[in-house]
Amino acid sequence: MPHTVFLPPTTTPPARVAASHRLSPGAHMRPEISGDLGDQLHLSSGSAAVPPSGIDPGAQSHELGGALVIPGGVGGSVMDPGKSRDSAETARVMQFPNDVLERILSLIDSHRDRSAVSLVSKAWYNAERWTRRHVFIGNCYAVSPQIVARRFPNIRGVMLKGKPRFSDFNMVPPNWGADVHAWLAVFADHYPLLEELRLKRMTVTDESLKFLARKFRNFRALSLLSCDGFSTDGLEAIATDCRHLTELDIQENGIDDISGNWMSCFPENFTSLEVLNFASLSSDVNFDALERLVSQCKSLKILKVNKNITLEQLQRLLVRAPQLTELGTGSFLQELTAHQYEELERAFISCKNLHALSGLWEATTLYLPVLYPACTKLTFLNLSYAALQSEELAKLVAHCPHLQRLWVLDTVEDVGLEAVASNCPLLEELRVFPADPYDQDINRGVTESGFLAVSLGCRKLHYVLYFCRQMTNAAVARIVQNCPGFTHFRLCIMKPGQPDYLTNEPMDEGFGAVVKTCTNLRRLGVSGLLTDLTFEYIGRYAKNLETLSVAFAGGSDRGMQCILDGCPKMRKLEIRDSPFGNVALLSGLEKYESMRSLWMSACKVTLSGCKLLARQRPRLNVEDGCAIFCLYSLKLVNRGSWCQNSGTLKGSLCSAKSAIVLML
């Protein structure tokens, strides 16, 4: 029987939209469950549409944030507050056979678009849930694994995020939670055909990795980014039992690197690997096993080795894998003979498809030229482990005319960035990291001059993370005038509370220029001497802002209030060492359920303020990170009460939509 697709009655009349049109910012929809679980629970003001009949309200997660995409060739009805039609048109219908509708929806890959589709009607909701194969969960405490399994019965791939970003800087208490094992136990029962698991900032034990390798016989891809709790023993289990593995990506993890013997655990006839990244491991691996693996896996496209791999060994690997598209090298410290140098150079010449290059530990002027032949097609160059000087960088980027992404250390100084501006007109992303972030007395590094030069020469720049030791308001205003398309702008002035070093004024006008000029800004990181005026500018102009990071800034509670009141799309707010207290915290009562997370560290929030917030908003996960208290909206826990031993509760019970972590 064909589906009848309609929109439920609402006080806001509907309007026809063509394929791929978006909801207007003022459109009202009730949040229903969608694919990006834990990403955002969006509560709009005003009248809300009645949910499609039959959808389980207890399995809600979040609304996608305003996007509704109807597949090409299919008409649809959405609510448009700007047009008036009689209520009969609300029931406009479209009829599709079941298999046609499911076929159409199976062609949609975007998580947000699929989430929008699931809100149209019960029929589309069911079709979407049965055809979805991948799910992204931006907050592992926003939904339980049981709800995920009930909502999406045919999942093959999961991406799951755990701890807050500040865990990267050791600012999250030990044993905070985010253990993946409870998820794996549910997946083993409901998703025995799971093929792909991507984890970020999760706690992963060796037992979990062994469980994963044993329970999912068709498992193919494992990516662990900034995770902890496991050792190379867990990798041995993955290498031994995952016979169909195509991807093993181990990146920036807190791993107990016992030995490199795990490399020899792959079966002798193993040939399926396409991605292998063990760059962050510290121990020597069994090179003979690695060489055999690389030689056998003819589909290998991405190889990133650790710094223990020598240049001679790298040459042997490249000879066996000239098809690589991404390469992470080992150390450049080895002394080569003339013959070895020539062989290494020929190996790089044979790599005609490289578009990403990283590693280059301890790279020196002596051996950098061997890379030049492979640089002509590079679009991404990651030098965050290579303390290159300005002359070395200038010579290297002269061979990278197509570069779009560049990560460097501030040892390149302004002269190096000027070379980037001259040679890389297609650059879209720049990240400059401090070589020594804890030494405040170092005068070298990058300044506003290097940033300004890049903005003049690279007009497509839209993503920047820039650590520097001095900045001016005028420079920031000129930078964003040169590149008004910034979507990500994170400026970190290394010394807290540093003013405009020429005028000694706060940096308010500089960041004000950013939010006024860059209308598509989605992520912002502020620093330096800032008053409440900066946050007034942000609340007034940054209407598309989703993530804001604040440190050592602000003058009063009003600053945070301006952000919460003025940024309708805010999803993640991270604040540390700022004078925001209970008044600021409680001013966001109407906002927090539409956010993924709020993190406040070393602010003026008190425990009583946390408890009051928890009582007022029982659906939130509210945690005092020092006392380790949490609130959950659960049948097993009284609404509005406080529970100790949150690490235990989180793993098995939590079904909250948003997380608020307050480090008192």
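Phenylalanine 278 sits in the loop between β12 (275-277) and α8 (287-296). Helices (H or I, at least four residues) and strands (E, at least two) are DSSP runs, numbered from the N terminus. Phenylalanine 278 is buried, at a relative accessible area of 0%. Buried means under 20% relative accessible area, exposed over 50%, and partly exposed in between, with a 1.4 Å probe and protein chains only. Setting aside neighbours within four places in sequence, phenylalanine 278 is in contact with Ile250, Trp262, Met263, Val285, Leu290, Lys304, Val305 and Asn306. Contact means heavy atoms within 4.5 Å. Lysine 307 is 29 residues from phenylalanine 278 along the chain, and their C-alpha atoms are separated by 9.8 Å.

The model is predicted: local features need pLDDT of at least 70, side-chain atom pairs count only at pLDDT 80 or more, and totals for chains, interfaces and linings use all residues. Residues are numbered from 1 along each chain as its sequence is written, and side-chain values use heavy atoms, with hydrogens and water left out.

Lysine 304 counts as buried, at 18% relative accessibility. Beyond four places in sequence, its contacts are Leu276, Asn277, Phe278, Ala279, Glu326, Leu327, Gly328 and Ser358.

Now the whole protein. It has 20 helices and 27 strands. Of its 664 residues, 58% are buried. Among contacts with a separation of 6 or more, 71% join residues 24 or more positions apart. The protein exposes about 26400 Å², and carbon and sulfur atoms supply 50% of that area. Accessible areas come from the Shrake-Rupley method with a 1.4 Å probe; for residues, only the protein chains shown count as cover.

Arginine 201 is another loop residue. Its place is between β7 (196-200) and α6 (206-215). Is arginine 201 buried or exposed? It is buried, with a relative accessible area of 10%. Not counting residues up to four places away in sequence, arginine 201 touches Gly162, Lys163, Pro164, Arg165, Ser167, Asp168, Ala178, Leu225, Ser226 and Cys227.

Follow the chain into α6. Its buried residues are Asp206, Ser208, Leu209, Phe211, Leu212 and Ala213. They pack against α5 (181-190), β7, β8 (221-225), β9 (228-231) and α7 (232-241). An α-helix has 3.6 residues a turn, so residues three or four places apart point the same way.

Helix α12 (residues 413-423) has its own buried set: Asp414, Gly416, Leu417, Ala419, Val420 and Ala421. These pack against α11 (390-397), β17 (405-409), β18 (429-433), α13 and β19 (463-468).

From α13, move to its contact with α14. Helix α13 (residues 448-457) and helix α14 (residues 473-482) pack at an angle of about 15 degrees, with their axes 8 Å apart. That makes α13 roughly parallel to α14. Axes are lines fitted to C-alpha atoms, for helices over the stretch in contact, and angles run from 0 to 180 degrees between N-to-C directions. Angles under 35 degrees count as roughly parallel, over 145 as roughly antiparallel, 65 to 115 as roughly perpendicular and the rest as oblique. Helix α13 contributes Glu448, Phe451, Leu452, Ser455 and Leu456 to the contact, and α14 contributes Ala475, Arg478, Ile479 and Asn482. By type, these residues divide into 5 nonpolar, 2 polar and 2 charged. Ala, Val, Leu, Ile, Met, Phe, Trp, Tyr, Cys and Pro count as nonpolar, Asp, Glu, Lys and Arg as charged, and the others, Gly among them, as polar.

In α14, the buried residues are Asn473, Ala475, Val476, Ile479, Val480 and Asn482. They pack against α13, β20 (488-493) and α15 (508-517).

Helix α15 leads on to helix α16 (residues 532-541): the two pack at an angle of about 5 degrees, with their axes 9 Å apart. That makes α15 roughly parallel to α16. The contact is formed by Asp508, Glu509, Phe511, Gly512, Val515 and Lys516 of α15 with Leu533, Thr534, Tyr537, Ile538 and Tyr541 of α16. It divides into 6 nonpolar, 2 polar and 3 charged residues.

Last, a backbone detail. Phenylalanine 552 has a positive phi of about 55 degrees, although it is not a glycine. It lies in the loop between β22 (547-551) and α17 (557-566). Phenylalanine 552 is partly exposed, with a relative accessible area of 37%.
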